[in-house]
Amino acid sequence: MSGSAGAATPQVREAEEAQGLDQWVMTTRLADYVAWGRKNSLWPMPMGLACCAIELMAMVAPRYDVARFGAEALRFSPRQADLMIVAGTVTKKMAPAVKRIFDQMPEPKWVIAMGACASSGGMFRSYSVTQGVDEVIPVDVYIPGCPPRPEALIEGIMKVQDLLARRAREDRGLAPAAPRTAGTGG
Amino acid sequence: MPLNGTPVRRPAKTGLLAATYLPSILKGMWITLRHIFRRKVTMQYPEETWRLPDNYRGLPALVRDDEGRVKCVACFLCEYVCPPKAIAIQAQEITTGVEKGPRAFDINMLRCIMCGYCEEVCPEQAIFLTRESTTVGLSRAEMIFDKEKLLQMGGTRPDPIKKWARLTQGTPATGVPSVAAGRGGAS
(Lines give C-alpha, C1' and ligand atoms only; values in the text may rest on other atoms or scores of the structure.)
Protein backbone atom coordinates (compact mmCIF):
# COMPACT_ATOMS: atom_id res chain seq x y z
CA MET A 1 0.00 0.00 0.00
CA SER A 2 1.50 3.29 -1.04
CA GLY A 3 1.22 6.26 1.25
CA SER A 4 1.59 8.85 -1.51
CA ALA A 5 -1.68 8.40 -3.34
CA GLY A 6 -2.47 12.09 -2.91
CA ALA A 7 0.64 13.37 -4.67
CA ALA A 8 0.76 11.05 -7.65
CA THR A 9 2.42 13.23 -10.25
CA PRO A 10 3.47 11.34 -13.41
CA GLN A 11 7.09 11.30 -12.22
CA VAL A 12 6.16 9.77 -8.90
CA ARG A 13 3.96 7.21 -10.59
CA GLU A 14 6.76 6.19 -12.92
CA ALA A 15 9.12 5.79 -10.02
CA GLU A 16 6.62 3.65 -8.19
CA GLU A 17 6.07 1.43 -11.21
CA ALA A 18 9.82 1.01 -11.54
CA GLN A 19 9.91 -0.63 -8.14
CA GLY A 20 8.17 -3.58 -9.78
CA LEU A 21 6.78 -6.36 -7.66
CA ASP A 22 7.47 -4.59 -4.36
CA GLN A 23 4.66 -2.26 -5.20
CA TRP A 24 2.12 -5.06 -5.20
CA VAL A 25 3.57 -7.87 -3.11
CA MET A 26 4.56 -7.70 0.52
CA THR A 27 6.96 -10.34 1.77
CA THR A 28 7.37 -11.25 5.41
CA ARG A 29 8.51 -14.00 7.71
CA LEU A 30 6.10 -16.47 9.17
CA ALA A 31 7.06 -15.39 12.70
CA ASP A 32 6.21 -11.79 11.88
CA TYR A 33 2.99 -12.80 10.21
CA VAL A 34 1.84 -14.81 13.21
CA ALA A 35 2.88 -12.00 15.53
CA TRP A 36 0.96 -9.53 13.41
CA GLY A 37 -2.12 -11.69 13.75
CA ARG A 38 -1.73 -12.05 17.49
CA LYS A 39 -1.00 -8.39 17.91
CA ASN A 40 -4.19 -7.27 16.29
CA SER A 41 -6.47 -9.78 17.95
CA LEU A 42 -5.55 -9.69 21.61
CA TRP A 43 -8.48 -11.02 23.56
CA PRO A 44 -8.30 -9.62 27.05
CA MET A 45 -9.44 -11.40 30.15
CA PRO A 46 -10.83 -8.60 32.30
CA MET A 47 -9.66 -9.46 35.79
CA GLY A 48 -11.62 -6.57 37.26
CA LEU A 49 -11.14 -6.61 40.99
CA ALA A 50 -11.75 -3.00 42.00
CA CYS A 51 -12.29 0.52 40.72
CA CYS A 52 -9.73 0.15 37.92
CA ALA A 53 -12.27 -2.08 36.22
CA ILE A 54 -14.42 1.00 35.63
CA GLU A 55 -11.63 2.57 33.59
CA LEU A 56 -11.17 -0.75 31.87
CA MET A 57 -14.81 -0.58 30.82
CA ALA A 58 -14.32 3.00 29.68
CA MET A 59 -11.51 1.83 27.47
CA VAL A 60 -13.81 -0.65 25.76
CA ALA A 61 -16.65 1.85 25.39
CA PRO A 62 -17.05 4.03 22.26
CA ARG A 63 -15.02 7.05 23.39
CA TYR A 64 -11.72 5.18 23.63
CA ASP A 65 -12.85 2.13 21.67
CA VAL A 66 -10.18 -0.50 22.05
CA ALA A 67 -11.72 -2.26 19.04
CA ARG A 68 -9.41 -0.03 17.02
CA PHE A 69 -6.59 -2.21 18.40
CA GLY A 70 -8.46 -5.45 17.86
CA ALA A 71 -8.81 -6.06 21.58
CA GLU A 72 -12.52 -5.47 22.04
CA ALA A 73 -13.44 -9.12 22.58
CA LEU A 74 -13.27 -9.26 26.35
CA ARG A 75 -13.43 -12.95 27.16
CA PHE A 76 -14.82 -13.95 30.48
CA SER A 77 -13.54 -17.44 29.93
CA PRO A 78 -9.79 -17.73 30.44
CA ARG A 79 -9.67 -20.49 27.85
CA GLN A 80 -10.40 -17.97 25.12
CA ALA A 81 -8.23 -15.14 26.34
CA ASP A 82 -4.57 -14.33 25.81
CA LEU A 83 -4.14 -11.06 27.67
CA MET A 84 -5.01 -10.80 31.32
CA ILE A 85 -5.67 -7.26 32.52
CA VAL A 86 -5.46 -7.33 36.30
CA ALA A 87 -7.47 -4.25 37.21
CA GLY A 88 -7.68 -3.75 40.91
CA THR A 89 -6.57 -4.77 44.34
CA VAL A 90 -5.45 -8.37 44.48
CA THR A 91 -6.23 -9.51 47.98
CA LYS A 92 -4.53 -12.57 49.39
CA LYS A 93 -7.89 -14.24 49.29
CA MET A 94 -8.32 -13.52 45.58
CA ALA A 95 -4.73 -14.32 44.60
CA PRO A 96 -5.22 -18.09 44.25
CA ALA A 97 -8.16 -17.47 41.93
CA VAL A 98 -6.13 -15.03 39.82
CA LYS A 99 -3.33 -17.56 39.63
CA ARG A 100 -5.70 -20.31 38.64
CA ILE A 101 -7.37 -18.24 35.95
CA PHE A 102 -3.96 -17.29 34.61
CA ASP A 103 -2.97 -20.95 34.51
CA GLN A 104 -6.12 -21.75 32.58
CA MET A 105 -5.28 -19.29 29.84
CA PRO A 106 -3.65 -20.93 26.82
CA GLU A 107 -0.13 -19.97 25.76
CA PRO A 108 1.03 -17.54 24.52
CA LYS A 109 -0.32 -15.14 27.11
CA TRP A 110 0.48 -11.74 28.51
CA VAL A 111 -0.40 -9.87 31.67
CA ILE A 112 -1.01 -6.18 32.26
CA ALA A 113 -0.95 -5.02 35.87
CA MET A 114 -3.25 -2.03 35.75
CA GLY A 115 -3.06 0.58 38.45
CA ALA A 116 -1.17 0.99 41.67
CA CYS A 117 -2.76 -1.90 43.55
CA ALA A 118 -2.17 -4.57 40.94
CA SER A 119 1.32 -3.26 40.19
CA SER A 120 2.68 -2.91 43.68
CA GLY A 121 -0.08 -3.06 46.26
CA GLY A 122 -0.47 0.71 46.06
CA MET A 123 -1.66 2.28 49.25
CA PHE A 124 -2.74 -1.05 50.70
CA ARG A 125 0.36 -1.97 52.63
CA SER A 126 -1.68 -4.51 54.45
CA TYR A 127 -1.54 -8.08 55.65
CA SER A 128 -4.48 -8.92 53.43
CA VAL A 129 -3.24 -7.58 50.10
CA THR A 130 -0.56 -8.97 47.80
CA GLN A 131 2.09 -6.34 47.18
CA GLY A 132 1.64 -6.52 43.44
CA VAL A 133 0.12 -9.27 41.36
CA ASP A 134 3.62 -10.22 40.19
CA GLU A 135 3.96 -12.07 43.47
CA VAL A 136 1.58 -14.57 41.93
CA ILE A 137 1.81 -14.38 38.14
CA PRO A 138 4.40 -12.93 35.76
CA VAL A 139 3.55 -9.40 34.65
CA ASP A 140 4.63 -7.93 31.32
CA VAL A 141 3.43 -4.35 31.51
CA TYR A 142 2.87 -2.16 34.56
CA ILE A 143 0.57 0.85 34.38
CA PRO A 144 0.77 3.44 37.16
CA GLY A 145 -2.27 5.41 38.23
CA CYS A 146 -5.06 5.21 40.70
CA PRO A 147 -6.86 4.41 38.53
CA PRO A 148 -4.98 4.93 35.27
CA ARG A 149 -6.74 6.80 32.51
CA PRO A 150 -8.15 4.71 29.67
CA GLU A 151 -5.42 6.25 27.48
CA ALA A 152 -2.81 4.78 29.80
CA LEU A 153 -4.40 1.39 29.42
CA ILE A 154 -4.36 1.76 25.64
CA GLU A 155 -0.66 2.65 25.95
CA GLY A 156 -0.26 -0.55 27.94
CA ILE A 157 -1.95 -2.59 25.25
CA MET A 158 0.25 -1.01 22.59
CA LYS A 159 3.25 -1.89 24.74
CA VAL A 160 2.06 -5.50 24.89
CA GLN A 161 1.72 -5.48 21.11
CA ASP A 162 5.30 -4.26 20.69
CA LEU A 163 6.55 -6.77 23.23
CA LEU A 164 4.72 -9.56 21.48
CA ALA A 165 6.17 -8.78 18.07
CA ARG A 166 9.64 -8.44 19.54
CA ARG A 167 9.46 -11.70 21.43
CA ALA A 168 8.14 -13.53 18.37
CA ARG A 169 11.37 -12.57 16.58
CA GLU A 170 13.61 -13.23 19.56
CA ASP A 171 12.20 -16.73 19.99
CA ARG A 172 13.43 -17.54 16.50
CA GLY A 173 16.77 -15.85 16.88
CA LEU A 174 15.93 -13.03 14.49
CA ALA A 175 17.13 -9.47 14.78
CA PRO A 176 14.56 -6.93 15.96
CA ALA A 177 12.36 -5.58 13.21
CA ALA A 178 13.19 -2.24 11.70
CA PRO A 179 11.07 0.58 13.12
CA ARG A 180 7.83 0.94 11.30
CA THR A 181 7.66 3.80 8.85
CA ALA A 182 4.64 5.40 7.29
CA GLY A 183 3.33 3.75 4.19
CA THR A 184 4.76 0.28 4.71
CA GLY A 185 1.47 -1.20 5.79
CA GLY A 186 0.55 -2.63 9.17
CA MET B 1 -52.62 -19.02 50.86
CA PRO B 2 -52.77 -16.18 48.32
CA LEU B 3 -50.47 -13.23 48.90
CA ASN B 4 -51.95 -9.85 49.67
CA GLY B 5 -51.99 -6.97 47.15
CA THR B 6 -52.99 -6.51 43.56
CA PRO B 7 -52.29 -9.26 41.08
CA VAL B 8 -49.45 -8.70 38.58
CA ARG B 9 -50.67 -7.34 35.26
CA ARG B 10 -49.54 -9.60 32.48
CA PRO B 11 -49.20 -8.13 28.98
CA ALA B 12 -51.77 -9.15 26.43
CA LYS B 13 -50.97 -12.32 24.61
CA THR B 14 -48.54 -11.62 21.76
CA GLY B 15 -49.78 -11.98 18.23
CA LEU B 16 -48.47 -14.25 15.52
CA LEU B 17 -46.21 -11.56 14.06
CA ALA B 18 -44.58 -10.75 17.38
CA ALA B 19 -44.07 -14.44 17.98
CA THR B 20 -41.74 -14.54 14.96
CA TYR B 21 -39.52 -11.90 16.67
CA LEU B 22 -39.18 -10.10 13.33
CA PRO B 23 -40.58 -6.72 14.45
CA SER B 24 -38.21 -6.66 17.43
CA ILE B 25 -35.21 -7.67 15.33
CA LEU B 26 -35.98 -5.02 12.71
CA LYS B 27 -36.46 -2.43 15.38
CA GLY B 28 -33.10 -3.27 16.89
CA MET B 29 -31.37 -3.20 13.54
CA TRP B 30 -32.96 0.16 12.78
CA ILE B 31 -31.44 1.57 15.95
CA THR B 32 -28.04 0.16 15.00
CA LEU B 33 -28.37 1.58 11.50
CA ARG B 34 -29.24 5.01 12.84
CA HIS B 35 -26.01 5.09 14.83
CA ILE B 36 -24.00 4.87 11.62
CA PHE B 37 -25.18 8.35 10.69
CA ARG B 38 -24.74 9.87 14.11
CA ARG B 39 -21.81 12.02 15.17
CA LYS B 40 -18.79 9.83 15.90
CA VAL B 41 -17.69 9.99 19.52
CA THR B 42 -14.53 7.89 19.29
CA MET B 43 -11.31 9.69 20.10
CA GLN B 44 -8.49 8.32 17.92
CA TYR B 45 -6.24 8.08 20.94
CA PRO B 46 -2.59 7.98 19.99
CA GLU B 47 -3.12 10.62 17.31
CA GLU B 48 -5.74 12.61 19.17
CA THR B 49 -5.62 13.26 22.88
CA TRP B 50 -8.05 14.44 25.48
CA ARG B 51 -7.44 17.96 26.74
CA LEU B 52 -6.77 17.41 30.41
CA PRO B 53 -7.83 20.15 32.81
CA ASP B 54 -5.06 22.38 34.16
CA ASN B 55 -5.44 21.00 37.66
CA TYR B 56 -5.22 17.40 36.51
CA ARG B 57 -3.19 15.27 38.88
CA GLY B 58 -0.71 13.10 37.02
CA LEU B 59 2.71 11.79 37.98
CA PRO B 60 4.60 13.94 40.51
CA ALA B 61 7.87 15.62 39.57
CA LEU B 62 10.53 17.80 41.16
CA VAL B 63 11.16 21.29 39.86
CA ARG B 64 14.11 23.66 39.68
CA ASP B 65 13.93 27.38 40.32
CA ASP B 66 14.71 29.92 37.62
CA GLU B 67 18.40 29.78 38.48
CA GLY B 68 18.51 26.06 37.88
CA ARG B 69 18.73 25.00 41.52
CA VAL B 70 16.87 22.04 42.88
CA LYS B 71 14.17 23.56 45.03
CA CYS B 72 13.76 20.55 47.28
CA VAL B 73 15.42 20.95 50.68
CA ALA B 74 14.89 17.34 51.79
CA CYS B 75 12.57 18.19 54.65
CA PHE B 76 10.90 14.77 54.34
CA LEU B 77 7.39 16.21 54.67
CA CYS B 78 6.23 14.64 51.41
CA GLU B 79 7.75 11.33 52.38
CA TYR B 80 5.95 11.59 55.70
CA VAL B 81 2.57 12.54 54.26
CA CYS B 82 2.58 10.16 51.29
CA PRO B 83 -0.27 7.68 51.90
CA PRO B 84 1.24 4.74 50.00
CA LYS B 85 4.80 5.68 51.09
CA ALA B 86 5.91 5.98 47.50
CA ILE B 87 8.60 8.58 48.18
CA ALA B 88 12.07 7.75 49.50
CA ILE B 89 14.46 10.62 50.18
CA GLN B 90 18.09 10.71 51.27
CA ALA B 91 19.34 14.11 52.41
CA GLN B 92 22.74 15.67 52.06
CA GLU B 93 24.36 18.93 52.93
CA ILE B 94 24.69 21.00 49.81
CA THR B 95 27.82 22.90 48.90
CA THR B 96 26.29 26.36 48.64
CA GLY B 97 26.16 26.15 52.42
CA VAL B 98 22.69 27.44 52.90
CA GLU B 99 20.53 24.39 53.40
CA LYS B 100 20.34 20.73 52.74
CA GLY B 101 19.14 19.08 49.61
CA PRO B 102 18.22 15.63 48.41
CA ARG B 103 21.06 13.24 47.58
CA ALA B 104 18.53 10.74 46.32
CA PHE B 105 14.85 11.29 45.71
CA ASP B 106 13.03 8.25 44.46
CA ILE B 107 9.34 8.03 43.75
CA ASN B 108 7.88 4.63 43.08
CA MET B 109 5.33 5.54 40.43
CA LEU B 110 3.65 2.18 40.81
CA ARG B 111 2.91 2.98 44.45
CA CYS B 112 1.95 6.59 43.79
CA ILE B 113 -1.75 7.26 43.73
CA MET B 114 -1.49 10.84 42.46
CA CYS B 115 -3.31 12.22 45.47
CA GLY B 116 -1.30 15.47 45.44
CA TYR B 117 -0.61 15.51 49.16
CA CYS B 118 3.10 15.96 48.46
CA GLU B 119 2.44 19.05 46.37
CA GLU B 120 0.07 20.34 49.02
CA VAL B 121 2.44 19.83 51.95
CA CYS B 122 5.67 20.98 50.31
CA PRO B 123 6.86 24.18 52.02
CA GLU B 124 9.31 24.96 49.21
CA GLN B 125 6.94 24.35 46.29
CA ALA B 126 9.48 21.89 45.00
CA ILE B 127 7.23 19.01 44.02
CA PHE B 128 4.35 19.29 41.63
CA LEU B 129 1.98 16.90 39.97
CA THR B 130 2.46 16.99 36.24
CA ARG B 131 -0.25 16.25 33.73
CA GLU B 132 1.65 13.20 32.57
CA SER B 133 -0.71 10.27 32.77
CA THR B 134 0.16 7.75 30.08
CA THR B 135 3.53 6.42 31.20
CA VAL B 136 3.73 2.64 31.29
CA GLY B 137 6.64 0.40 32.25
CA LEU B 138 7.93 -3.06 31.58
CA SER B 139 9.38 -3.66 35.03
CA ARG B 140 9.04 -2.42 38.57
CA ALA B 141 12.59 -1.10 38.67
CA GLU B 142 11.91 0.98 35.59
CA MET B 143 8.99 2.69 37.27
CA ILE B 144 10.99 3.91 40.28
CA PHE B 145 11.90 7.38 39.08
CA ASP B 146 15.10 8.87 40.50
CA LYS B 147 15.96 12.50 41.15
CA GLU B 148 17.35 13.18 37.68
CA LYS B 149 14.31 11.79 35.97
CA LEU B 150 11.92 13.66 38.26
CA LEU B 151 13.77 16.94 37.70
CA GLN B 152 13.71 16.37 33.99
CA MET B 153 9.96 15.78 34.13
CA GLY B 154 9.32 18.79 36.33
CA GLY B 155 11.36 21.38 34.49
CA THR B 156 11.61 24.90 35.85
CA ARG B 157 9.19 26.94 37.89
CA PRO B 158 10.07 30.55 38.56
CA ASP B 159 10.30 31.44 42.23
CA PRO B 160 9.38 35.04 43.07
CA ILE B 161 10.78 34.87 46.61
CA LYS B 162 14.47 34.52 45.64
CA LYS B 163 15.32 32.85 48.92
CA TRP B 164 18.68 31.64 47.65
CA ALA B 165 19.91 35.05 46.62
CA ARG B 166 19.02 36.41 50.02
CA LEU B 167 20.75 33.65 51.94
CA THR B 168 23.91 33.47 49.89
CA GLN B 169 24.53 37.22 49.73
CA GLY B 170 23.36 37.96 53.26
CA THR B 171 21.32 40.95 52.19
CA PRO B 172 17.78 40.83 53.58
CA ALA B 173 15.15 41.30 50.94
CA THR B 174 12.75 44.12 51.51
CA GLY B 175 9.48 43.25 53.13
CA VAL B 176 10.47 39.69 53.96
CA PRO B 177 12.28 39.07 57.27
CA SER B 178 15.62 37.34 56.81
CA VAL B 179 16.37 34.04 58.46
CA ALA B 180 18.68 35.71 60.98
CA ALA B 181 16.05 38.28 61.91
CA GLY B 182 13.47 35.55 62.27
CA ARG B 183 15.68 33.61 64.65
CA GLY B 184 16.41 36.70 66.69
CA GLY B 185 12.75 37.45 67.03
CA ALA B 186 11.91 33.94 68.15
CA SER B 187 14.48 33.72 70.92
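Predicted model: local features only at pLDDT ≥ 70, side-chain atom pairs only at ≥ 80, totals over all residues.
For chain B, residues 24 or more positions apart account for 70% of the contacts with a separation of 6 or more. Of the 186 residues of chain A, 40% count as buried, and of the 187 residues of chain B, 24% do.

The secondary structure of chain A comprises six helices and four strands. Followed from the N terminus, these elements run α-α-β-α-β-α-β-α-β-α. Chain B has seven helices and five strands, and its pattern along the sequence reads α-α-β-α-β-β-α-β-β-α-α-α.

The four strands of the chain A sheet are arranged in the order E1-E2-E3-E4, with parallel pairing, and the sheet is open. Strand E1 (44-48) and strand E4 (141-143) of chain A stand at the edges; each has a single partner strand, so one side of each is left without a neighbour in the sheet. On average, and with direction ignored, neighbouring strands of this sheet are turned by 15 degrees against each other. Within the sheet, strand E2 (residues 83-87) of chain A and strand E3 (residues 110-114) of chain A run parallel and are joined by five bridges. A reader tracing this pairing on the structure can look for Met84(A), whose bridge partner in E3(A) is Val111(A).

Helix H3 of chain A has a buried side made up of Cys52(A), Glu55(A), Leu56(A) and Met59(A). Viewed down the axis of H3(A), these buried residues fall within an arc of 105 degrees, so they line one face of the helix.

In general, two packed helices are described by the angle between their axes and the distance between the axes. The axes of helix H3 (residues 52-60) and helix H6 (residues 150-171), both of chain A, come within 9 Å and cross at roughly 75 degrees. H3(A) and H6(A) are therefore roughly perpendicular to each other. On the H3(A) side, the contact involves Glu55(A), Leu56(A), Ala58(A) and Met59(A), which meet Pro150(A), Leu153(A) and Ile154(A) in H6(A). By class, the residues of this contact divide into six nonpolar, no polar and one charged.

Helix H2 of chain A also packs against H6 of chain A, through its buried residues. The buried residues of H2(A) are Ala35(A), Arg38(A) and Lys39(A). Seen down the axis of H2(A), they fall within an arc of 95 degrees, so they line one face of the helix. The face of H2(A) turned away from this buried side carries the exposed residues Leu30(A), Tyr33(A) and Gly37(A). Val34(A) is also found in this helix, which spans residues 30-39. Val34(A) has 15 C-beta neighbours inside 10 Å and therefore counts as partly exposed. The C-alpha atoms of Val34(A) and Ala165(A) are separated by 8.9 Å, although the two residues are 131 residues apart along the chain.

Ile144(B) lies in strand E5 (residues 144-145) of chain B. With 18 C-beta neighbours inside 10 Å, Ile144(B) counts as partly exposed. Leaving aside residues up to four places away in sequence, Ile144(B) touches Asp106(B) and Asn108(B).

Finally, the two chains meet: 25 residues of chain B are in contact with 24 residues of chain A. The side of chain B that touches chain A has 15 nonpolar, seven polar and three charged residues.

Notes:
Residues numbered from 1 in each chain as written. Chains lettered and ligands numbered in written order. Contact = placed C-beta atoms within 7 Å. Nonpolar A, V, L, I, M, F, W, Y, C, P; charged D, E, K, R; others polar. Axes fitted to C-alpha atoms, helices over the stretch in contact; angles between N-to-C directions. Helix = DSSP H or I, 4+ residues; strand = E, 2+ residues; numbered from the N terminus. Parallel < 35°, antiparallel > 145°, perpendicular 65-115°, else oblique. Buried ≥ 20, exposed ≤ 12 C-beta atoms within 10 Å, placed from the backbone. Pairing = 2+ DSSP bridges. Arc of directions from axis to C-beta.
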